[in-house]
Amino acid sequence: MPEKKITLSVSVNGVVHTATVEPRMLLSDFLRHELGLTGTHVGCEHGVCGACTVLLDGRSARSCLTLAVQADGVEIETVEGQGSIDRLGRIQEAFRQHHALQCGFCTPGFIMAITDMLRHHPLESDDQIREALSGNICRCTGYEHIVNAVRELAKERGPLT
Amino acid sequence: MGDDEMKPAPFEYFAARSAAEAAEALAAANGDGKIIAGGQSLMPMINVRLVKPTILIDINRIAGLDRIEKHGERLGIGATVRHRMTATDALVHRHIPILHDAMHHVAHLTVRNRGTFCGSVCHADPAAEMPMMTLLLNGMVTALSIRGERRIAASEFFVGSLMTALEQDEFVTSIEIDTLPPETGWGFEEFSRRHGDFALASVATTLRIIDGVARDVRFGMMGVGETPLRLPDIETLIEGQTISETLLQDVTEALKELLHPNTDIHASADYRRHLAGALARRALRDAWARATLRKDGANA
């Protein structure tokens, strides 16, 4: 069936992109294949693993459960906006220090979910940190070091105002 | 990307600007259209091609559907109100504390950012919190089609697992639920394999204490049948009684007779029946304790 393609305009990490895509193109595939931003990883592709987490207008969302066309006019943040190999972002640096990754496949999703958490969630106890992290799956670390990294970041941030 | 690399089957996409526009597009799709709001249940099914709509009608950009409003003793929740909004809403916290508590069990942070109250009710998963809460709080669903508006009581809305009374040209614009009198006590108990996962079993109950006994008892369950359940037999058993260990034992025994849960990979029917009793006892003790505190005027 020929689909009517749709033109959309999105800002990704502050850079505006315009593209014309099929309605069924997932935002995760759009970021990776159309924009070449392969930092956003694709794991389960049905909203279970959290690897594809990005921020839409400042709130975390699973990009595999979002259509690219739904992001028209939206400000997207991906892991590419966090830092670079030479200059790690603060969350990335905390992950490095705490050994909060092994294979790294799930890490971009964790980094973006944690970005949302640090902006909006109290994270006053390990229980709260674990609950906030519970939508992201990691098969290597056993989560302990990820919790350690978030605990340090939350302490550094201080209470939410 | 080539055609065969795309996860979903092809469909057209329409971002409706008004509820009337959405209703027209849904009617024109002749049963093959799907409404999308948060998409946290629909998109997984589309990605694995369990659902193959010819057109996806997006209601996210319709103004005015993202509100929680109090109308008298009822609270209206619009079709694009996200779980995060329900979880943090002051009206919900103040007037329906059991719903505020229930929100802690709904999925995960990232899913709560997008998923909607009304969408969860429409998806009608028998182990999801919002369908059960809608039933417990005497919900009234407002459905719109080009034929007009229709109001459907929650007791008529859930007809089976993932099945509702909505006609193919109808979609939900809002759901109205009861607020609770301030002296109401509540208990919400859920057991799942991991926090945020779907429940193996859950109990939600509310009651008031009048002249020393339980009144206005509501008792709901989920995860133990094809739909969320209100259990009038249990409500009658508790109505007019004090919550004692004897009564809790009677409730446990009655639940064993009343419930016919499924066995699946997560739990056996027997285990679910056992959970039902254990969760019911905890929830009823909580409800009684809270009602006691609130009756005495303390801010529980």
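How far apart do the C-alpha centres of domain 1 of chain B and domain 3 of chain B lie? They lie 37 Å apart. This is a predicted model, in which local features need pLDDT of at least 70, side-chain atom pairs count only at pLDDT 80 or more, and totals for chains, interfaces and linings use all residues. Residues are numbered from 1 along each chain as its sequence is written, while chains are lettered from A and ligands numbered from 1 in the order in which they are written.

Chain B has domain 1 at 9–58, domain 2 at 68–178 and domain 3 at 185–295. These bounds come from an automatic or database domain assignment.

Now the sheet. In chain B, three strands form an open sheet with parallel pairing, in the order 1-3-2. Strand 1 (12–15) and strand 2 (33–36) of chain B are at the edges with a single partner strand each, so one side of each has no neighbour in the sheet. Strands here are DSSP runs of E, at least two residues, numbered from the N terminus; two of them pair if DSSP finds at least two bridges between them. Strand 2 of chain B and strand 3 (residues 55–58) of chain B run parallel, joined by four bridges. Within this stretch, B:Lys34 stands opposite B:Leu56 in strand 3 of chain B.

Turn to the interface. Contact means that C-beta atoms, placed from the backbone, lie within 7 Å. By that rule, 32 residues of chain A touch 26 residues of chain B. Strand 4 of chain A gives the largest share of chain A's side, four residues.

Conventions: Contact = placed C-beta atoms within 7 Å.
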